[in-house]
Structures are given as C-alpha cells and as structure tokens.
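Thanks for coming, everyone. I'd like to walk you through one structure today, so let me put it up on the screen.

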Amino acid sequence: MSQTTTFEQPNTGTWDGGNEPFKASYGKLMMWFFLLSDAFTFAAFLTTYGLARHRHRAYEGTPEAFTFSTEWWPIPDKVFNAFPGFHGVDWPLAFVALMTMILILSSVTMVLAVEAGHRMDKNDVQKWLLWTILFGSMFLGCQAWEWSHFIAGTEGGMKLADGSVIHGANLIVNQYGPPLFADLFFFITGFHGTHVFSGVVLLIMIFINTVNGVYHRRGHYEMVEKVGLYWHFVDLVWVFVFTFFYLV
C-alpha cells in the first residue's frame, strides 16, 4: 500500500512573514513608529502653547514701548535678545538663530555620515559622526546658556503691583510675563533638549562602534542610518519649536 506525503507550500505573499513589506528592515520600521509617536507628543505640546497664548492678552503697543508685564504675553524679540559676551546689547533672536544654524549644520554632517556608510567608507563615517557630535554638543551648550540667562533675568526685572521687583523666571514667577510662558518654555525646550542629549549619546555609541569596526564587519552601516533618522527628526522638531516659540 503506497502512502503519499504532501508538504505545505511556503508562503510567498508580501504579508506572509519573512519579507519587508515597506522595503525597510524591522529596526528602521520601529524607528519610524517611534518617531511618529514622538511627533504626536510634540504636536500636543505646541498645540497647548498655542492655546495658552491665545487665552492671554496680546501686547498692542510698539516694540520700542514694550515693557514686561503679567497682563500680556511677552514679545519674543524682547525676551530672547541677549548674546554671550555682549552684555546689554539688544540683538533680537540672534543667539537663537545661531543655535538653529548649528543644529542645521549637524543635520548636514549626519547626511554625509549616512552617505559614507552606504559607500562602506569607515573613515568618512567616523569623520562626519564626530562633526555631528560636536555640533550637537555645541547646541546643548548654547541651550544651557540660554536657560541660565532666562532664569537669571535682566537687571531691571519687573515691578509688581505691590512694589516688589522680580528678576528672571522659574516655574512660579516670571519677570517676562505670565508664569505660564516660563512654564511652557522650560517644558517644551527642555523636552527637546532631552531629545538632543539622547541623540548625542547615541551618536557617541555608534561612533565608538564605528571606530571598533563593528558595522564594517556586519557588512552594512544601517545603525548609522537609524540614528540619522532620529537626529533629523530632532532637527525638524526644533524648526517647529523655533517657529512657534520664538517667531510667532
């Protein structure tokens, strides 16, 4: 008596497993999902900022006559007008513009690092990663200075109704305007700064791996590409933070 054995045919469809339906590896796909969820978080923060600002009265006079008051939302030009080493100068948003330029440059060097990874050029990957780490660290240093200046405040401060004068800002009082302005500044820019710090740590880790030849032995530099996605996201978010918080 003969027996016939039938083997199950392997699945070959796009969604049958073992494939890359989006033409991206599992790691890159998970990075995209993470960035998408993070984008929703930042969008919620910036929407909150917009609603808070809309709820407060806007200043209606000329910029030259502007004074800090809790009655109206401050003009960013008058809050962020200091520059390191130039005490007393009035350079509206000049330092923030410099910070933005540094972050944009870091994105350029990150693109070059990813491109060098595609060419399997280990030396170029190391070089451009090092520049990206340098620019990211510079941005964090600039943000630390901006925070310290924001917390310390100006010499004149703001005079309250009871005659007392407050200087600088924290989570309770704010010389520049309503306390909510300072709260949102610390929260949003601090959250973004945490992302930049995390990105610099990741960059240092993959730089060390690159120097040790880990990715070269694997035959690809996909990890550099994944960290690059994260870094570009952080840069892109800063553009929105810069627009909402400093320009509008």
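So, the protein has seven helices and two strands, where helices (H or I, at least four residues) and strands (E, at least two) are DSSP runs numbered from the N terminus. Going along the sequence, the pattern reads α-α-α-α-β-β-α-α-α. A word on ground rules: this is a predicted model, so local features need pLDDT of at least 70 and side-chain atom pairs count only at pLDDT 80 or more, while totals for chains, interfaces and linings use all residues. Residues are numbered from 1 along each chain as its sequence is written, and side-chain values use heavy atoms, with hydrogens and water left out.

Now the overall shape. Along its principal axes, the C-alpha trace spans about 105 × 45 × 25 Å. The radius of gyration is 25 Å, whereas a compact globule of 248 residues would have one near 18 Å; that radius is taken over C-alpha atoms, and the globule rule is 2.2 Å times the number of residues to the power 0.38. Of the 248 residues, 40% count as buried, and buried here means under 20% relative accessible area, exposed over 50%, partly exposed in between, with a 1.4 Å probe and protein chains only.

Staying on H7, that's where Trp-238 sits. Trp-238 counts as buried because its relative accessibility is 1%. Leaving aside residues up to four places away in sequence, Trp-238 touches Val-96, Met-99, Thr-100, Leu-103, Phe-139, Gln-143, His-192 and Tyr-246.

On a 1 Å grid over the protein atoms alone, a cavity is a set of points where a 1.4 Å probe fits but cannot get out, and a pocket is an open set with protein on both sides within 12 Å along at least five of seven lines; lining residues have an atom within 4 Å of a point. The largest pocket has a volume of about 450 Å³, and 23 residues line it, with Asn-81, Ala-82, Gly-88, His-149 and Thr-154 nearest its centre. Helix H2 (76-79) and helix H4 (122-152) are the elements giving two or more residues to that lining.

Most residues other than glycine have a negative phi. Leu-93, in the loop between H2 and H3, has a positive phi of about 65°, and at 10% relative accessibility it counts as buried. Met-120, in the loop between H3 and H4, has phi near 60°, but at 27% relative accessibility Met-120 counts as partly exposed.

Key: Points joined across faces, edges and corners; volume = space filled by probe spheres on them. Contact = heavy atoms within 4.5 Å.
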